[in-house]
Structures are given as structure tokens and as C-alpha cells.
Amino acid sequence: MSSISENYLHFKTIVEDNYKAKLLAVSKNFPVTHISEAYQAGARNFAENRVQELLSKHFDTQKLYNDISWHLIGTLQSNKAKYVTDFVSIIHSVDKYTLLQEINKNAKKHERIQECLLQIHIGQELTKFGFSYEEANEMFQNKDFANMSNVKITGLMGMATYTDDTTQIEKEFKGLRSFYETLKKYSTEEYPILDIKELSMGMSADYKIALEMGSTCVRIGKAIFGKK
Ligand SMILES: *Cc1c(COP(=O)(O)O)cnc(C)c1O
């Protein structure tokens with residue numbers, strides 16, 4: 001068994017040095033002592049998928065460190081947007097227009113511009129969240145969308161189907177990459193809300209494929225912190 005710091009450094013070399021991508025340490029279900037160990041090894045970007053757990057870990061780690069960037073990668077209910085818009089670095093899981101409006105409203109109160117990614121449903125599981133490509137395109141046609149002033153959409157997030165079929169995973173990541181490239185061409189004059197530069201895809205099981213398919217940000221939990 002290798003330690004958390006060894007695991008973190010292993011991934012850092014692959015993700016940051018070899019692929020020039022961003023590495024998020026997904027600390028969900030793991031205690032603050034685990035976060036501290038990764039922090040000591042140099043980790044600064046951490047991600048959680050539940051709001052309550054994110055808030056409690058943000059609170060606990062704040063007493064120890066002031067330079068952790070927190071990422072929310074799980075479902076956010078509109079009525080909880082107000083709890084995260086004052087500190088979260090990127091919300092990866094925006095899956096509804098109404099949620100984006102709520103984030104915009106609350107980020108305004110905190111005088112922040114909240115960085116967000118649109119979660120796109122690329123996998124085959126019905127239980128996974130996100131916009132379809134069609135729904136995302138529809139939202140872009142909405143004038144009110146383009147004019148929101150306190151959110152910035154900097155990219156896309158997707159979770160591939162949980163399967164051993166690497167061809168399927170490749171196909172899904174490739175599709176997301178191609179949508180990402182299309183969005184990159186939208187002019188920022190017409191769409192000041194867009195500044196497309198992040199493609200958040202890849203987890204412990206499929207990060208290699210994701211990086212090959214052009215991921216700019218992988219989210220690694222189990223492979224760093226160990227199986228529960
Ligand atoms: C849990 C989770 C991860 C990390 O998954 P691992 O298999 O532990 O690497 C990445 N992204 C999202 C959205 C998650 O919920």
C-alpha cells in the first residue's frame with residue numbers, strides 16, 4: 001500500500017508535468033487528516049460532491065490553511081447556491097439554467113464572479129446529471145443567459161459511463177471534447193459570460209483516456225486517498 005502523499009505525487013507527475021493539466025484531489029468520504037496529508041505533499045485543489053461536507057471541510061481546513069481552492073463537483077440544489085458562492089473556486093456541476101440564475105444572484109451579493117462549468121450528460125446511466133448537448137445549445141440562444149454578470153462559464157464537465165469498454169469511454173470523452181472546441185469559438189463580445197478553457201473529465205478509473213482525449217482537469221479520489 002502506498003501512502004496518500006506518494007499517490008498524490010504520482011498523479012501530479014502524470015497530470016501536471018506530463019499533460020499540463022490540473023489535478024483535483026477528490027476528498028469526499030475521507031477525513032480532514034487525509035486532506036492534510038495531501039496538502040503537505042503539495043495539493044491545493046480539493047473537490048467535494050456534497051454541499052454539507054464541502055462546507056464542513058472548508059470550515060475545518062480554514063483554521064489550518066488559507067490557500068486551498070475548493071471545487072464543487074456534485075449536484076447543487078438552487079436553494080443551496082447561497083452557501084457556496086462566497087468561496088468556491090469552480091462549480092463543475094451546473095446542470096440547469098435556473099441553478100445558474102441562482103448562482104448569479106448570490107455571487108452578486110458577495111461581489112464575486114463565480115466560475116462555473118456546465119455539466120454535460122455524456123454517459124449512458126440515466127442517474128447521472130447534466131445538460132444534453134441540445135439543452136446546452138438552447139440555453140446559449142437565450143439572451144438573458146448571455147447577459148448574466150456574476151457568473152463566468154469557463155468550460156465543461158462530464159462523467160463517462162462506468163464500464164470496462166474503453167472504446168465507449170473514448171467515444172464519450174471525444175464527443176465532449178468536440179463540443180468544447182465548438183464553444184471555444186463563440187466570441188466573447190457576443191457571449192461575455194463565456195471564457196472557455198476548462199474541460200473537466202477523468203476520474204480514478206478513466207483518467208488516462210480522459211487525458212489522451214484532451215482533458216484539462218482530472219478529478220481523482222480513490223486512487224489518491226485509498227479505497228474506503
Ligand atoms: C467521486 C467523484 C470523482 C472521483 O472519483 P474516484 O473514482 O474516487 O476517482 C470525480 N468526479 C465526480 C463528479 C465524483 O463524484
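Strand β4 (residues 90-94) is largely enclosed by the rest of the structure, because 5 of its 5 residues are buried (under 20% relative accessible area, 1.4 Å probe, protein chains only). Strands here are DSSP runs of E with at least two residues, and helices are runs of H or I with at least four, numbered from the N terminus. The model is predicted; local features need pLDDT of at least 70 and side-chain atom pairs pLDDT 80 or more, while totals for chains, interfaces and linings use all residues. Residues are numbered from 1 along each chain as its sequence is written, and side-chain values use heavy atoms, without hydrogens and water.

Strand β4 has parallel partners. Strand β3 (residues 69-72) pairs with β4 over 2 bridges; pairing requires at least two DSSP bridges between the strands. Strand β5 (residues 114-120) pairs with β4 in the parallel sense over 3 bridges. Ile 91 in β4 stands opposite Leu 72. Cys 116 in β5 is also a bridge partner of Ile 91. From β4 the chain passes through helix α5 (residues 97-109) to β5 in a right-handed β-α-β crossover (clockwise from the first strand over the helix to the second, with the strands pointing away from the viewer).

Residues around the ligand include Val 26, Lys 28, Ile 73, Met 159 and Met 203, each with a heavy atom within 4 Å. Polar contacts are pairs of N or O atoms within 3.5 Å. The side chain of Ser 204 places an N or O atom 2.5 Å from a ligand oxygen. A polar side-chain atom of Arg 219 lies 2.8 Å from a ligand nitrogen. Lys 222 contributes a backbone N or O atom, 2.8 Å from a ligand oxygen. The protein covers 91% of the 380 Å² of accessible area that the ligand has on its own (Shrake-Rupley method, 1.4 Å probe).

Definitions and conventions
Buried means under 20% relative accessible area, exposed over 50%, partly exposed in between (1.4 Å probe, protein chains only). A polar contact is a pair of N or O atoms within 3.5 Å; within protein, one must be able to donate a hydrogen and the other to accept it, and residues adjacent in sequence count only if both atoms are side-chain atoms.
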